[in-house]
Structures are given as C-alpha cells and as structure tokens.
Amino acid sequence: MVQHSTVDVVIPALNEASTIGRVLDEIPFAELASQGFHTRAVVVDNGSSDGTADVARGRGAVVIVEPQRGKGNAMRRAFRETRADYVVMLDGDATYPATHIPDMLKVLQDSHDVVIGSRLRGTRAPGSISRMNVIGNYLLTWVACVLYWKKTSDLCTGYWAFRGSVLPSLQLSARGFNLEAELFSEVARHRLRMGEVPIHYRRRPTPTKLRALRDGARIARMLVRKRLRRNG
C-alpha cells in the first residue's frame, strides 16, 4: 500500500470573495495526487463580511474562522491546528499562482525545511509591485540578510512552504504583515535549511491592504527586535 504524504494549503483571507475561488481552483490537486500527496485546502477567514467563507466552502475548502484580524493572527491559528506533513502558505488575492506548489514541495523533499516563492528572482506582471515597494523589498531583504547572516532574495514574499515538523518550534507573535519577517528570523534562529523557487507574481485585481511606509516600518522593527532578543 502506498503511503501518501499530507499537504495543507493554507490561505489567510479577509474579504477576498472575488478572488478566493480562483486561488482554490488553481491548486493542482490532481498533479499533487499523482506525486503521492493528499492535499487539503484550508482557508482562514479573518473576519470577512463579503461571503469569502461561503465561496471557499463551495469550492470544497476547509474553513477556519479566526475573528482576531491580522495575517499573523490568522496564520498562527492555522499553524496550531494543522497536522499535515507539509504546509504551504499563500495569499487569497490571486497574486501568487498556486501552480508553483509542486515545485516548492520538491525542494522541501530535497533536504530542506522551508522554501519561499521568490518574486524578485522570478517574473512580475506589469503593475504588480510599485517601484517604491520593489525598492523597499530589496532594502528590507538586505537588512534581514545583514542582521541574520542568512541569504534570502525576497523577505516579504507571502508564498512559503514548510515541513510540518518544524512549525511547533517557531515562536511567533506577529499580528499583521510583519509575519514574514518573523518567520525569517525564526528560520535563522533554528538554523533551518531554506530553499527558494522563482515564481511569477500577478497584479492584484482588488485594492491592496498593505500600507507601504507603515508596514515597512513594522517589518524593520520586527527584524531588529527579534535580532536583539536573540542576542539578549
């Protein structure tokens, strides 16, 4: 009897009814099944008022309701509840194609603990990231590499995949968009093996929830605070 590995594709979502269906439809369930993976889509409804949860359930996804808003809150809830062998995180706004998941799982199986989907090493649709945000991403990524002596090409990507066994060791407190910075700091602290897959990044069809200056400052503070705590 073939033993299948389990995969949870976790999607935090706040008022993404217009895009969550596309995200779920793109998950390559058949391809993953042919590779020996039993895959489950998990949508973390983060207080939506537009029927996001109903659309997700209609596509066959498991829905977790986390009323405390913030991407970090949603993902910490999902990490506590998942028991899958592999966990993939991507956004619910259809900017990250779920078709990259098989490539990310392949990297995990190749002796890595964590893998990111790198927008800055991949391709970007016109208008998908503003010039200011590109510069900010490069700057924050450089700061992270210097502070933690660990290489990454895209600190702020929302596309991550993990071996499920490493999640309980990650000490996370982020509530919002500084989650990825905290994930990187924890990966560095535990000396986890981290890989990258170049991905395509699409233009968001709905208004962004990210506020570049405010959230960029929070990301920088998270990097510094976690580094100082690590030295303390």
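Predicted model: local features only at pLDDT ≥ 70, side-chain atom pairs only at ≥ 80, totals over all residues.
Which residues have the most contacts inside the largest nonpolar core?

Residues are numbered from 1 along each chain as its sequence is written, and side-chain values use heavy atoms, leaving out hydrogens and water.

**Exercise 1. Find the centre of the core.**

Task: name the residues with the most contacts in the largest nonpolar core, and the element that gives the most to it.

Solution: 
- Step 1. Start with the term: a nonpolar core is a set of buried Ala, Val, Leu, Ile, Met, Phe, Trp, Tyr and Cys residues joined through side-chain atoms within 4.5 Å. Buried means under 20% relative accessible area, exposed means over 50%, and partly exposed lies in between (1.4 Å probe, protein chains only).
- Step 2. The largest core has 36 residues, and Phe79, Leu155, Trp160, Phe162 and Leu183 have the most contacts inside it.
- Step 3. Among the elements that each supply at least two residues are E2, H4, E6 and helix H7 (179–189). Helices (H or I, at least four residues) and strands (E, at least two) are DSSP runs, numbered from the N terminus.
- Step 4. H7 gives the most, with 6 residues.
- Step 5. A second, separate core of 35 residues includes Ala13, Leu24, Ala98 and Leu108.

**Exercise 2. Look at H7.**

Task: how many of the residues of H7 are buried?

Solution: 
- Step 1. The count is 10 of the 11 residues, so H7 is largely enclosed by the rest of the structure.
- Step 2. The buried residues include Glu180, Glu182, Ser185 and Glu186.
- Step 3. Just after H7, arginine 191 takes a positive phi of about 55°.

**Exercise 3. Follow the strands.**

Task: which strands pair with E6, and in what sense?

Solution: 
- Step 1. Two strands pair if DSSP finds at least two bridges between them.
- Step 2. Strand E4 (residues 86–89) pairs with strand E6 (residues 160–163) in the antiparallel sense over 4 bridges; here tyrosine 86 stands opposite arginine 163.
- Step 3. Strand E5 (residues 114–124) also pairs with E6 in the antiparallel sense, over 3 bridges, and isoleucine 116 has tryptophan 160 as its bridge partner.

**Exercise 4. Describe the aromatic pairs.**

Task: how many aromatic pairs does the structure hold?

Solution: 
- Step 1. Rings of Phe, Tyr and Trp (its six-membered ring) pair if their centres lie within 6.5 Å; planes under 30 degrees apart count as stacked, over 60 as edge-to-face and the rest as tilted.
- Step 2. The structure holds 6 such pairs. In one of them, phenylalanine 37 and tyrosine 86 have ring centres 6.0 Å apart and planes at 85°, so the pair is edge-to-face.
- Step 3. This pair links distant parts of the chain, with phenylalanine 37 in strand E2 (residues 37–45) and tyrosine 86 in strand E4, 49 residues apart. Both residues are buried.
- Step 4. The rings of phenylalanine 79 and phenylalanine 162 have centres 5.5 Å apart and planes at 75°, so they are edge-to-face too. Phenylalanine 79 lies in helix H4 (residues 71–81) and phenylalanine 162 in strand E6, so the pair ties together parts that are 83 residues apart in sequence.
- Step 5. Phe79, Trp160 and Phe162 form one aromatic cluster.
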